[in-house]
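Here is a short briefing on one protein model. Look through the structure first, then read the points below by topic.

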Amino acid sequence: MKKGIIKIAIVGSIKNKDKNNIEQLNKALEGIDFVSVYCVSTSDFDLSAYSNIVMLNKENEHLPRTQYDELIAEMDALYFPYSSNTYRVSASGAVYEAISKQKPIISTENDYFKSLFSQFGEMGYLFNDFDGLKMAFLDLQNSERIETFRKNAFDASLYLSPGKYYKVFEMMI
């Protein structure tokens, strides 16, 4: 990661069921002044009560793709506020966003992320509790580890790219 403030984006729509994870995120950020978290998506609830999270998407509507891409390009990592029982078999498109742009993933450990990390190597931080989340934030300054995450994400992006599946499908016809 670059020196200075580490920017983390919350991607994917934040649902009411994610509120506990957002509260945990806000609490984990207390006292960590080198990390800033930004919501670039939509939220079912008001995020202004969370002092450590900035809502960049002021209209709370889906952003135009170019604007969304520009915001993601500015970020150093992507945070997924999913609970551990979310996305057991597949994941939202935001996960592929992180992989294709080689942005480290920060998420609650769940079956899908464990499977991805098992297949391609670690691409970020999976945590099970508040302490794990806090440790992930503290480790974001470990540039060697971040480079490993990015390399693994790049390798995964080659395997998971839509173009690869298009070619396989084309050969089947």
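Phe127 has a relative accessible area of 2%, so this residue is buried. The model is a predicted one. The points below start from the aromatic rings, then turn to the cores, the helices and the loops.

**Aromatic pairs**

- Searching the whole structure gives five aromatic pairs.
- Phe127 is in one of them, with Tyr79: the ring centres are 6.5 Å apart and the planes are at 10°, so this pair is stacked.
- Tyr79 belongs to strand β4 and Phe127 to strand β6 (residues 124-127), so the pair ties together parts 48 residues apart in sequence.
- Tyr79 has a relative accessibility of 0% and therefore counts as buried.
- Another pair joins Phe80 and Phe113; their ring centres are 5.7 Å apart and their planes are at 50°, so the pair is tilted.
- Phe80 is in strand β4 and Phe113 is in helix α4, so this pair links parts 33 residues apart in sequence.
- Phe80 and Phe113 are both buried.

**Charges over rings**

- Lys19 lies over the face of Phe45, 5.2 Å from the ring centre.
- Lys27 has its charged end over the ring of Phe130, at 5.1 Å from the centre.

**Nonpolar cores**

- In soluble globular proteins, nonpolar side chains tend to be buried together.
- The largest nonpolar core here has 29 residues. Ile8, Leu25, Val35, Ile106, Phe137 and Leu140 touch the most other members.
- At least two residues of this core come from each of β1 (6-10), α1 (19-28), β2 (35-39), β3, β4, β6, α5 (130-139) and α6.
- What does Ile106 touch, leaving aside residues up to four places away in sequence? Its contacts include Ile8, Ala77, Leu78, Tyr79 and Phe80. Tyr125, Phe127, Leu133, Phe137 and Leu140 are also among them.
- A second core is separate and has 24 residues, including Leu71, Ile72, Phe113 and Ala156.

**Helix α6**

- Helix α6 (residues 143-160) has 18 residues, which should span 26 Å at 1.5 Å a residue; the end C-alpha atoms are 25 Å apart, which agrees.
- Which residues of α6 are buried? They are Ile146, Phe149, Asn152, Ala153, Ala156, Ser157 and Leu160.
- An α-helix has 3.6 residues a turn, so residues three or four places apart point the same way.

**Helix α3**

- The buried residues of α3 are Ala94, Val95, Glu97, Ala98 and Ile99.
- Their cover includes α2, β4 (77-80), β5, α4 (111-120) and α6.
- After α3 comes Gln102, which has a positive phi.

**Positive phi in loops**

- Most residues other than glycine have a negative phi.
- Gln102 is not a glycine, yet its phi is positive, about 50°. Gln102 lies in the loop between α3 (93-100) and β5 (105-108).
- The relative accessibility of Gln102 is 22%, so Gln102 counts as partly exposed.
- Asn60 is not a glycine either, and has a positive phi of about 55°. Its place is the loop between β3 (53-55) and α2 (65-74).
- With 30% relative accessibility, Asn60 counts as partly exposed.

Methods. Residues are numbered from 1 along each chain as its sequence is written. This is a predicted model: local features need pLDDT of at least 70, side-chain atom pairs count only at pLDDT 80 or more; totals for chains, interfaces and linings use all residues. Side-chain values use heavy atoms; hydrogens and water are left out. Helices (H or I, at least four residues) and strands (E, at least two) are DSSP runs, numbered from the N terminus. The expected span of a helix is 1.5 Å times one less than its number of residues. Buried means under 20% relative accessible area, exposed over 50%, partly exposed in between (1.4 Å probe, protein chains only). Contact means heavy atoms within 4.5 Å. Rings of Phe, Tyr and Trp (its six-membered ring) pair if their centres lie within 6.5 Å; planes under 30 degrees apart count as stacked, over 60 as edge-to-face and the rest as tilted. A charge sits over a ring if NZ of Lys or CZ of Arg is within 6 Å of the ring centre and within 35 degrees of the ring normal. A nonpolar core is a set of buried Ala, Val, Leu, Ile, Met, Phe, Trp, Tyr and Cys residues joined through side-chain atoms within 4.5 Å.
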